[in-house]
Amino acid sequence: MNLKELAELIKAEVITSDRDLSEITVPFVSACDLMSDVLAFCSPGSLLLTGLTNIQIVRTAQMLDLPAVVFVRGKIPLEETVNLAKESGIPVLLSKYSLYEVCGRLYAAGVKPSYVPQPREA
Amino acid sequence: MAAPVCMEYRIEGNNFMVAGTASNNIKNTLKMLGIQSDVCRRAAVIAYEAEINLVIHANGGILKAVISEDKLEISTEDEGPGIPDIDQAMTEGYTTASNQAREMGFGAGMGLPNIKRNSDLFEIESTPGVGTKLISTVFFNK
(Lines give C-alpha, C1' and ligand atoms only; values in the text may rest on other atoms or scores of the structure.)
Protein backbone atom coordinates (compact mmCIF):
# COMPACT_ATOMS: atom_id res chain seq x y z
CA MET A 1 0.00 0.00 0.00
CA ASN A 2 1.25 3.52 -0.63
CA LEU A 3 1.31 6.24 1.98
CA LYS A 4 -1.41 8.31 0.30
CA GLU A 5 -3.93 5.45 0.41
CA LEU A 6 -2.84 4.62 3.92
CA ALA A 7 -3.35 8.22 5.09
CA GLU A 8 -6.90 8.13 3.74
CA LEU A 9 -7.66 4.88 5.59
CA ILE A 10 -6.74 6.36 8.95
CA LYS A 11 -8.02 9.86 8.08
CA ALA A 12 -4.58 11.26 8.70
CA GLU A 13 -3.49 14.81 8.19
CA VAL A 14 -0.09 15.15 6.53
CA ILE A 15 1.90 17.88 8.23
CA THR A 16 5.29 17.62 6.60
CA SER A 17 6.15 16.23 3.25
CA ASP A 18 7.68 17.63 0.11
CA ARG A 19 7.21 14.27 -1.53
CA ASP A 20 4.37 12.67 -3.41
CA LEU A 21 2.97 10.26 -0.82
CA SER A 22 1.63 7.92 -3.49
CA GLU A 23 5.26 7.16 -4.40
CA ILE A 24 6.12 5.95 -0.89
CA THR A 25 5.37 2.26 -0.35
CA VAL A 26 4.60 0.94 3.11
CA PRO A 27 5.26 -2.82 3.28
CA PHE A 28 5.13 -3.13 7.10
CA VAL A 29 3.85 -1.32 10.13
CA SER A 30 5.32 -1.15 13.62
CA ALA A 31 3.20 0.31 16.44
CA CYS A 32 5.28 1.13 19.48
CA ASP A 33 5.95 3.78 22.09
CA LEU A 34 9.25 2.27 23.15
CA MET A 35 11.99 3.50 20.86
CA SER A 36 14.36 0.91 22.32
CA ASP A 37 12.02 -1.79 21.04
CA VAL A 38 11.61 -0.08 17.67
CA LEU A 39 15.41 -0.15 17.34
CA ALA A 40 15.48 -3.82 18.31
CA PHE A 41 12.46 -5.20 16.47
CA CYS A 42 11.50 -3.03 13.49
CA SER A 43 11.82 -4.45 9.95
CA PRO A 44 13.42 -2.19 7.33
CA GLY A 45 10.84 -0.02 5.60
CA SER A 46 8.32 -0.14 8.45
CA LEU A 47 5.94 2.72 9.04
CA LEU A 48 6.10 3.81 12.68
CA LEU A 49 2.88 4.46 14.63
CA THR A 50 3.40 6.08 18.01
CA GLY A 51 1.84 8.29 20.65
CA LEU A 52 5.15 9.77 21.79
CA THR A 53 5.89 13.17 20.30
CA ASN A 54 9.50 13.99 21.19
CA ILE A 55 12.42 14.55 18.83
CA GLN A 56 13.91 11.09 19.43
CA ILE A 57 10.98 9.55 17.54
CA VAL A 58 12.19 11.16 14.33
CA ARG A 59 15.83 10.33 15.21
CA THR A 60 14.84 6.69 15.51
CA ALA A 61 13.01 6.83 12.17
CA GLN A 62 16.05 8.50 10.62
CA MET A 63 18.44 5.87 12.00
CA LEU A 64 16.36 2.99 10.65
CA ASP A 65 15.41 4.64 7.32
CA LEU A 66 11.72 4.36 8.17
CA PRO A 67 9.48 5.78 5.43
CA ALA A 68 7.24 7.94 7.66
CA VAL A 69 5.88 8.46 11.17
CA VAL A 70 2.21 8.57 12.22
CA PHE A 71 1.33 10.22 15.53
CA VAL A 72 -1.89 8.69 16.87
CA ARG A 73 -4.56 9.67 19.44
CA GLY A 74 -4.64 13.20 18.01
CA LYS A 75 -1.23 13.96 19.50
CA ILE A 76 0.62 16.97 18.16
CA PRO A 77 4.39 16.46 17.82
CA LEU A 78 6.70 18.99 19.44
CA GLU A 79 8.10 21.75 17.24
CA GLU A 80 11.64 20.33 17.27
CA THR A 81 10.23 16.96 16.23
CA VAL A 82 8.52 18.49 13.19
CA ASN A 83 11.61 20.52 12.33
CA LEU A 84 13.88 17.48 12.34
CA ALA A 85 11.34 15.55 10.24
CA LYS A 86 11.34 18.35 7.67
CA GLU A 87 15.12 18.53 7.69
CA SER A 88 15.47 14.79 7.17
CA GLY A 89 12.63 14.48 4.64
CA ILE A 90 10.53 12.12 6.76
CA PRO A 91 6.79 12.61 6.23
CA VAL A 92 4.78 13.15 9.43
CA LEU A 93 1.11 12.21 9.62
CA LEU A 94 -1.43 12.85 12.39
CA SER A 95 -4.39 10.59 13.06
CA LYS A 96 -7.14 11.22 15.59
CA TYR A 97 -7.77 7.49 15.98
CA SER A 98 -6.35 5.48 18.85
CA LEU A 99 -3.30 3.32 18.27
CA TYR A 100 -5.58 0.27 18.38
CA GLU A 101 -7.93 1.62 15.76
CA VAL A 102 -5.17 2.76 13.42
CA CYS A 103 -3.62 -0.72 13.69
CA GLY A 104 -6.99 -2.36 13.13
CA ARG A 105 -7.76 -0.35 10.04
CA LEU A 106 -4.34 -1.00 8.50
CA TYR A 107 -4.33 -4.69 9.41
CA ALA A 108 -7.81 -5.15 7.94
CA ALA A 109 -6.57 -3.51 4.75
CA GLY A 110 -3.79 -6.10 4.50
CA VAL A 111 -0.74 -4.15 5.67
CA LYS A 112 1.70 -6.61 7.21
CA PRO A 113 3.20 -6.36 10.70
CA SER A 114 6.86 -5.61 11.18
CA TYR A 115 8.81 -8.85 11.61
CA VAL A 116 9.86 -9.57 15.18
CA PRO A 117 13.18 -11.45 15.19
CA GLN A 118 13.59 -14.39 17.52
CA PRO A 119 16.07 -13.70 20.30
CA ARG A 120 19.56 -14.90 19.50
CA GLU A 121 21.34 -17.35 21.73
CA ALA A 122 23.54 -15.42 24.14
CA MET B 1 39.66 2.66 0.58
CA ALA B 2 43.19 3.77 1.37
CA ALA B 3 43.39 5.14 4.91
CA PRO B 4 40.78 4.39 7.56
CA VAL B 5 38.10 7.02 8.04
CA CYS B 6 37.90 8.12 11.68
CA MET B 7 35.11 10.10 13.26
CA GLU B 8 35.08 11.21 16.86
CA TYR B 9 32.34 13.03 18.73
CA ARG B 10 32.05 14.40 22.23
CA ILE B 11 28.53 13.50 23.39
CA GLU B 12 26.84 15.75 25.92
CA GLY B 13 25.16 14.11 28.91
CA ASN B 14 21.38 14.42 29.38
CA ASN B 15 20.89 16.50 26.23
CA PHE B 16 18.08 14.74 24.38
CA MET B 17 17.67 17.54 21.84
CA VAL B 18 20.92 16.73 20.07
CA ALA B 19 21.22 13.04 20.97
CA GLY B 20 21.49 11.03 17.78
CA THR B 21 23.16 13.73 15.70
CA ALA B 22 26.56 12.04 15.84
CA SER B 23 25.11 8.63 14.98
CA ASN B 24 23.29 10.14 12.05
CA ASN B 25 26.56 11.62 10.78
CA ILE B 26 28.25 8.23 11.09
CA LYS B 27 25.41 6.57 9.22
CA ASN B 28 25.45 9.17 6.45
CA THR B 29 29.22 8.78 6.06
CA LEU B 30 28.86 5.01 5.70
CA LYS B 31 26.20 5.52 3.04
CA MET B 32 28.36 8.03 1.24
CA LEU B 33 31.22 5.51 1.19
CA GLY B 34 28.89 3.03 -0.48
CA ILE B 35 28.84 0.54 2.40
CA GLN B 36 26.07 -2.08 1.94
CA SER B 37 22.70 -1.07 3.38
CA ASP B 38 22.29 -3.84 5.99
CA VAL B 39 25.67 -2.92 7.45
CA CYS B 40 24.69 0.77 7.50
CA ARG B 41 21.52 -0.14 9.32
CA ARG B 42 23.24 -2.30 11.94
CA ALA B 43 25.88 0.39 12.39
CA ALA B 44 23.21 3.06 12.83
CA VAL B 45 21.48 1.04 15.57
CA ILE B 46 24.77 0.30 17.36
CA ALA B 47 25.93 3.93 17.21
CA TYR B 48 22.56 5.34 18.25
CA GLU B 49 22.07 2.97 21.19
CA ALA B 50 25.65 3.64 22.32
CA GLU B 51 25.16 7.39 21.96
CA ILE B 52 21.88 7.27 23.90
CA ASN B 53 23.64 5.29 26.64
CA LEU B 54 26.23 8.06 26.97
CA VAL B 55 23.43 10.64 27.17
CA ILE B 56 21.28 8.71 29.67
CA HIS B 57 23.74 6.93 31.92
CA ALA B 58 27.24 8.34 31.65
CA ASN B 59 26.84 12.11 31.73
CA GLY B 60 28.32 12.13 28.24
CA GLY B 61 31.50 10.70 26.76
CA ILE B 62 33.29 10.01 23.48
CA LEU B 63 31.71 8.19 20.54
CA LYS B 64 34.12 7.02 17.86
CA ALA B 65 33.73 5.28 14.52
CA VAL B 66 36.64 3.92 12.52
CA ILE B 67 35.87 2.65 9.04
CA SER B 68 38.59 0.56 7.46
CA GLU B 69 38.71 -1.64 4.38
CA ASP B 70 36.91 -4.66 5.77
CA LYS B 71 35.23 -3.49 8.96
CA LEU B 72 33.69 -0.77 11.04
CA GLU B 73 34.53 -0.28 14.67
CA ILE B 74 32.23 1.79 16.86
CA SER B 75 33.45 2.55 20.34
CA THR B 76 32.49 4.65 23.33
CA GLU B 77 34.43 5.76 26.34
CA ASP B 78 32.98 7.54 29.33
CA GLU B 79 33.78 8.60 32.85
CA GLY B 80 30.32 7.81 34.13
CA PRO B 81 29.34 5.77 37.17
CA GLY B 82 30.31 2.46 35.53
CA ILE B 83 28.33 -0.79 35.47
CA PRO B 84 28.63 -2.90 38.66
CA ASP B 85 27.23 -6.08 37.07
CA ILE B 86 27.72 -6.38 33.31
CA ASP B 87 25.82 -9.69 33.02
CA GLN B 88 22.80 -8.04 34.58
CA ALA B 89 23.14 -5.00 32.28
CA MET B 90 23.26 -7.37 29.28
CA THR B 91 19.96 -8.97 30.27
CA GLU B 92 17.05 -7.88 28.08
CA GLY B 93 14.61 -5.85 30.13
CA TYR B 94 17.02 -4.82 32.85
CA THR B 95 17.31 -1.04 33.03
CA THR B 96 18.46 1.73 35.35
CA ALA B 97 17.28 4.56 33.07
CA SER B 98 15.78 7.71 34.55
CA ASN B 99 12.12 8.66 34.23
CA GLN B 100 13.13 11.36 31.76
CA ALA B 101 14.77 8.75 29.53
CA ARG B 102 11.71 6.51 29.80
CA GLU B 103 9.43 9.35 28.81
CA MET B 104 11.52 9.74 25.65
CA GLY B 105 10.87 6.09 24.79
CA PHE B 106 14.12 4.62 26.09
CA GLY B 107 14.94 2.53 29.12
CA ALA B 108 13.33 -0.68 27.93
CA GLY B 109 16.49 -2.56 28.88
CA MET B 110 17.24 -3.32 25.24
CA GLY B 111 20.21 -1.04 24.61
CA LEU B 112 23.27 -3.19 25.32
CA PRO B 113 21.63 -6.46 24.16
CA ASN B 114 20.64 -4.69 20.96
CA ILE B 115 24.19 -3.42 20.40
CA LYS B 116 25.49 -6.96 20.89
CA ARG B 117 22.84 -8.44 18.60
CA ASN B 118 23.94 -6.16 15.77
CA SER B 119 27.70 -6.60 16.33
CA ASP B 120 30.02 -9.29 14.94
CA LEU B 121 32.39 -8.64 17.85
CA PHE B 122 31.34 -7.01 21.09
CA GLU B 123 33.49 -6.03 24.05
CA ILE B 124 32.55 -4.11 27.15
CA GLU B 125 34.68 -3.18 30.11
CA SER B 126 33.50 -1.22 33.09
CA THR B 127 34.79 -0.16 36.47
CA PRO B 128 32.37 1.37 38.95
CA GLY B 129 33.41 4.93 39.77
CA VAL B 130 35.81 5.06 36.80
CA GLY B 131 33.78 4.55 33.63
CA THR B 132 32.86 2.24 30.78
CA LYS B 133 34.49 1.31 27.47
CA LEU B 134 32.59 -0.41 24.71
CA ILE B 135 33.86 -1.65 21.34
CA SER B 136 31.57 -3.03 18.67
CA THR B 137 32.87 -4.37 15.37
CA VAL B 138 30.91 -5.03 12.19
CA PHE B 139 32.61 -6.80 9.27
CA PHE B 140 31.56 -5.72 5.79
CA ASN B 141 31.58 -9.09 4.08
CA LYS B 142 29.91 -11.41 6.49
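A polar contact here is a pair of N or O atoms within 3.5 Å; within protein, one must be able to donate a hydrogen and the other to accept it, and residues adjacent in sequence count only if both atoms are side-chain atoms. One such case has the backbone oxygen of Ala19(B) 3.2 Å from a polar atom of the side chain of Arg59(A). This is a predicted model, in which local features need pLDDT of at least 70 and side-chain atom pairs count only at pLDDT 80 or more, while totals for chains, interfaces and linings use all residues. Residues are numbered from 1 along each chain as its sequence is written, chains are lettered from A and ligands numbered from 1 in the order in which they are written, and side-chain values use heavy atoms, with hydrogens and water left out.

**Chain A as a whole**

- Chain A has 5 helices and 6 strands (DSSP runs numbered from the N terminus: helices are H or I with at least four residues, strands are E with at least two).
- Going along the sequence, the pattern of chain A is α-β-β-α-β-α-β-α-β-α-β.
- The radius of gyration of chain A is 13 Å, close to the 14 Å from the globule rule for 122 residues, so chain A is as compact as a globular protein of that length (the radius is taken over C-alpha atoms, and the rule is 2.2 Å times the number of residues to the power 0.38).
- Along the principal axes, the C-alpha atoms of chain A fill a box of roughly 45 × 30 × 25 Å.
- Of its 122 residues, 52% count as buried (buried means under 20% relative accessible area, exposed over 50%, partly exposed in between, with a 1.4 Å probe and protein chains only).

**Where the chains meet**

- On this interface, 26 residues of chain B are in contact with 25 residues of chain A (contact means heavy atoms within 4.5 Å).
- The two chains bury about 2200 Å² between them, 53% of it on carbon and sulfur atoms (this is the accessible area, with a 1.4 Å probe, that two parts lose on being put together, summed over both).
- In chain B, Arg41(B), Tyr48(B) and Arg117(B) lose the most area to chain A, together 29% of what that side buries.
- There are 2 salt bridges between the chains (a side-chain nitrogen of Lys or Arg within 4 Å of a carboxyl oxygen of Asp or Glu).
- Asp65(A) pairs with Lys31(B) in a salt bridge, their closest N and O atoms being 3.0 Å apart.
- Polar contacts link 15 residue pairs between chain B and chain A, both residues at pLDDT 80 or more.
- On the side of chain B that touches chain A, H1 (21–32), H2 (37–57) and H5 (111–118) each supply at least two residues, and H2(B) gives the most, with 6 residues.

**Arg59(A), reaching across**

- Arg59(A) sits in helix H3 (residues 55–63) of chain A and, at 6% relative accessibility, counts as buried.
- Leaving aside neighbours within four places in sequence, Arg59(A) is in contact with residues including Leu84(A), Val18(B), Asn24(B) and Tyr48(B).
- The side chains of Arg59(A) and Thr21(B) make a polar contact of 3.1 Å.

**H5(B), tucked in**

- 7 of the 8 residues of H5(B) are buried, so this helix is largely enclosed by the rest of the structure.
- The cover over those buried residues includes helix H2 (35–41) of chain A, along with H2, helix H3 (86–89), strand E4 (121–127) and strand E5 (131–139) of chain B.
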